[in-house]
Amino acid sequence: MLPDPAACILFAVTLSQMFKTKNLSPQQLSAFTALILSIPISAGIWLLRPDWIIALVSLLVTFIGSYFLIRFV
């Protein structure tokens with residue numbers, strides 16, 4: 001199942017608008033980095049075990065853990 005092309009374009013435009021600011025705050029940079037880490041990890045978990053609840057929980061745990069690790073260390 002391929003993603004909707006309109007959704008991909010909207011995501012790209014939104015992502016480019018997010019970086020139009022001169023500088024990113026530490027919170028924004030931490031959240032973006034945590035998102036980059038957590039999405040492939042949870043997608044890989046979903047591919048190994050196709051249960052959306054496990055994938056969602058892994059996404060949340062990975063995102064929150066990596067956000068706090070990046071933000072405060």
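Trainee: What share of the residues of the chain counts as buried?

Mentor: In this predicted model, 12% of the 73 residues count as buried. The accessible surface of the chain comes to about 5900 Å². Carbon and sulfur atoms hold 77% of that surface.

Trainee: What elements does the chain have?

Mentor: There are 3 helices and 0 strands. Read from the N terminus, the order is α-α-α. Of the contacts with a separation of 6 or more, 56% are between residues 24 or more positions apart.

Trainee: Why does Ser42 count as buried?

Mentor: The cut-off for buried is under 20% relative accessible area. Ser42 has 8% relative accessibility, so Ser42 counts as buried. Its place is in helix α2, residues 26–48.

Trainee: Which residues is Ser42 in contact with, leaving aside its neighbours within four places in sequence?

Mentor: Ser42 is in contact with Ala55, Ser58 and Leu59. Each contact means heavy atoms within 4.5 Å.

Trainee: Is Ser66 buried or exposed, and why?

Mentor: Ser66 has a relative accessible area of 10%. Buried means under 20%, so Ser66 is buried. This serine is found in helix α3. With neighbours within four places in sequence left aside, Ser66 is in contact with Ala34 and Leu37.

Trainee: What does the side chain of Ser66 reach?

Mentor: The side chain of Ser66 reaches the backbone oxygen of Phe63, at 3.3 Å.

Trainee: How many aromatic pairs does the count come to?

Mentor: The count comes to 3 aromatic pairs. One of them is formed by Phe63 and Tyr67, with 6.3 Å centre to centre and 15° between the planes.

Trainee: What makes the pair of Phe63 and Tyr67 an aromatic pair, and what kind is it?

Mentor: Ring centres have to lie within 6.5 Å, and planes under 30 degrees apart count as stacked. At 6.3 Å and 15°, Phe63 and Tyr67 form a stacked pair. The two residues are 4 apart in helix α3, so about one helical turn separates them.

Trainee: How do you know what kind of pair Tyr67 and Phe68 form?

Mentor: A pair of aromatic rings is described by the distance of the centres and the angle of the planes. For Tyr67 and Phe68, the centres are 5.4 Å apart and the planes are at 70°. Edge-to-face means planes over 60 degrees apart, and Tyr67 and Phe68 form an edge-to-face pair. Phe68 is partly exposed, with a relative accessible area of 44%.

Trainee: Which residues do ring pairs link into a cluster?

Mentor: The cluster consists of Phe63, Tyr67, Phe68 and Phe72.

Trainee: Which residues form the nonpolar patch on the surface?

Mentor: The patch is formed by Trp46, Leu47, Trp52, Ile53, Leu56, Val57, Leu60, Val61, Ile64, Phe68 and Phe72. Together these residues have about 1200 Å² of accessible area. The elements giving two or more residues to the patch are α2 and α3, the latter spanning 52–72. Helix α3 gives the most, with 9 residues.

Trainee: What makes Ile53 and Leu56 partly exposed?

Mentor: Ile53 lies in helix α3 and has a relative accessible area of 46%. Leu56, also found in helix α3, has 39%. Exposed means over 50% and buried under 20%, so Ile53 is partly exposed and Leu56 is partly exposed. Patch residues need over 30% relative accessible area, a limit that Ile53 at 46% and Leu56 at 39% pass.

Trainee: Where is Trp46 relative to Leu56?

Mentor: Trp46 and Leu56 are 10 residues apart along the chain, with 8.8 Å between their C-alpha atoms.

Terms used. Residues are numbered from 1 along each chain as its sequence is written. This is a predicted model: local features need pLDDT of at least 70, side-chain atom pairs count only at pLDDT 80 or more; totals for chains, interfaces and linings use all residues. Side-chain values use heavy atoms; hydrogens and water are left out. Buried means under 20% relative accessible area, exposed over 50%, partly exposed in between (1.4 Å probe, protein chains only). Accessible areas come from the Shrake-Rupley method with a 1.4 Å probe; for residues, only the protein chains shown count as cover. Patches are made of residues with over 30% relative accessible area and no salt bridge: like charges are joined within 9 Å, nonpolar side chains (Val, Leu, Ile, Met, Phe, Trp, Tyr) within 5 Å. A salt bridge is a side-chain nitrogen of Lys or Arg within 4 Å of a carboxyl oxygen of Asp or Glu. A polar contact is a pair of N or O atoms within 3.5 Å; within protein, one must be able to donate a hydrogen and the other to accept it, and residues adjacent in sequence count only if both atoms are side-chain atoms. Rings of Phe, Tyr and Trp (its six-membered ring) pair if their centres lie within 6.5 Å; planes under 30 degrees apart count as stacked, over 60 as edge-to-face and the rest as tilted.
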